[in-house]
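Please look through the sequence and the model below before reading on.

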Amino acid sequence: MEPLPAGGTWRPGPPRRRERWWLHALLLALTFGTTTWVGLQLAAGYDPRLAVVDPRTGLLGITPALVRAALGYSVPLLAILLAHELGHYLACRRYGLDASPPFFLPFLPVVPLPGTFGAFIRVREPIRDKRALFDMAVAGPIAGFLVALPVAAYGIWHTRPSFDPPAEGTIYFGYPLAVKLLQLLLVGHTFTSVHVVEHPSFMAAWWGFVVTAINLIPAGQLDGGHALYAVFGR
């Protein structure tokens, strides 16, 4: 039995379901694979010495050093997504709501795509308490943002200057305000992607900030939409 925070009544906790853990594990493994493949490409661009190309096929050779560097992207990115979804999940458990563990979504492993379409949980019952809805909505972005900050700091420390002239058709990434503030705090000045080659960990944090920003849009079933509805109603 679990208490409702808003009153003194009691309600039964969520029913014990037989979770399909094999599906969660499979999706996580696939997403780890696609994000690591993206990490291989980012690591090869960051440190060309790791980019060993097979002369027979022209394909990038996968070496242990390159894989280790690629994990600097995939592991932090999955950690940010996991923190975001665990924020939602633990908030649901706190209020006695039946929710699923996170589902990770793999995506095309081609730069500049992130290799994942994010993650989500399923809330298996209506949320009738506005405080529970608000707390559930904001817990995810807060948790993901707090994990993304130290990852971004590490990436800023290890980002290297670029002395190559910009190539035609190159895609440059804009930096959010949080990154600019971290730059001022850590290195004393701001810079853009025109002047540096981003560390793979920095790109993981960048995508974490993007996911957080998109989820905070106050519309529909996004976290921002849930929070707005909890505060103002229809």
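## The chain as a whole

Of the 234 residues in the chain, 41% are buried, and it should be kept in mind throughout that the model is a predicted one. The accessible surface of the chain amounts to about 13,200 Å², and carbon and sulfur atoms account for 68% of that surface.

The chain contains six helices and eight strands, and, when these are read along the sequence, their order is β-β-α-β-β-α-β-β-α-β-α-β-α-α.

## Helices α2 and α3

The helices α2 and α3 pack with their axes 8 Å apart and at an angle of about 155°. Angles over 145 degrees count as roughly antiparallel, and α2 and α3 are therefore roughly antiparallel to each other. The crossing in which α2 passes α3 is right-handed.

On the side of α2, the residues that make this contact are P76, A79, I80, A83, H84, G87, H88, A91, C92 and R94, while α3 contributes R131, D135, M136, A137, A139, G140, P141, A143, G144, V147, A148 and V151. When the residues in the contact of α2 with α3 are sorted by class, 14 are nonpolar, five are polar and three are charged.

## Helices α3 and α6

Helix α3 also packs with α6, at an angle of about 150° and with the two axes 8 Å apart. Because of this angle, α3 is roughly antiparallel to α6. Here the crossing in which α3 passes α6 is left-handed.

The residues of α3 that take part in the contact are K130, L133, F134, M136, A137, V138 and P141, and those of α6 are D223, H226, A227, Y229, A230 and V231. By class, the contact of α3 with α6 is made up of 10 nonpolar residues, one polar residue and two charged residues.

## The buried residues of α6

Which residues of helix α6 are buried? Within α6, which spans residues 223-232, the buried residues are D223, G224, G225, H226, A227 and A230. Among the elements that cover these buried residues are α2 (64-94), α3 (130-158) and α5 (200-215).

In general, an α-helix has 3.6 residues a turn, so residues three or four places apart point the same way. Just after the end of α6 comes G233, which takes a positive phi of about 75°.

## Tryptophan 37

W37 is found in helix α1, which covers residues 21-46. Is W37 buried, exposed or partly exposed? The relative accessibility of W37 is 43%, and W37 therefore counts as partly exposed, since that class lies between the cut-offs of 20% and 50%.

If the neighbours within four places in sequence are left aside, W37 is in contact with I62 and P109. The C-alpha atoms of W37 and Y73 are separated by 9.6 Å, although these residues are 36 residues apart along the chain.

## A cis peptide bond

The residue P112 is placed in the loop between β5 (103-106) and β6 (116-120). The peptide bond that runs from V111 to P112 is cis, and its omega is near 15°.

Technical notes
Residues numbered from 1 in each chain as written. Predicted model: local features only at pLDDT ≥ 70, side-chain atom pairs only at ≥ 80, totals over all residues. Heavy atoms only, no water. Buried < 20%, exposed > 50% of the residue type's maximum accessible area, 1.4 Å probe, protein only. Helix = DSSP H or I, 4+ residues; strand = E, 2+ residues; numbered from the N terminus. Contact = heavy atoms within 4.5 Å. Axes fitted to C-alpha atoms, helices over the stretch in contact; angles between N-to-C directions. Parallel < 35°, antiparallel > 145°, perpendicular 65-115°, else oblique. Left-handed = near helix turned anticlockwise from the far one by under 90°. Nonpolar A, V, L, I, M, F, W, Y, C, P; charged D, E, K, R; others polar. Areas by Shrake-Rupley, 256 points an atom, 1.4 Å probe, with all protein chains shown as cover.
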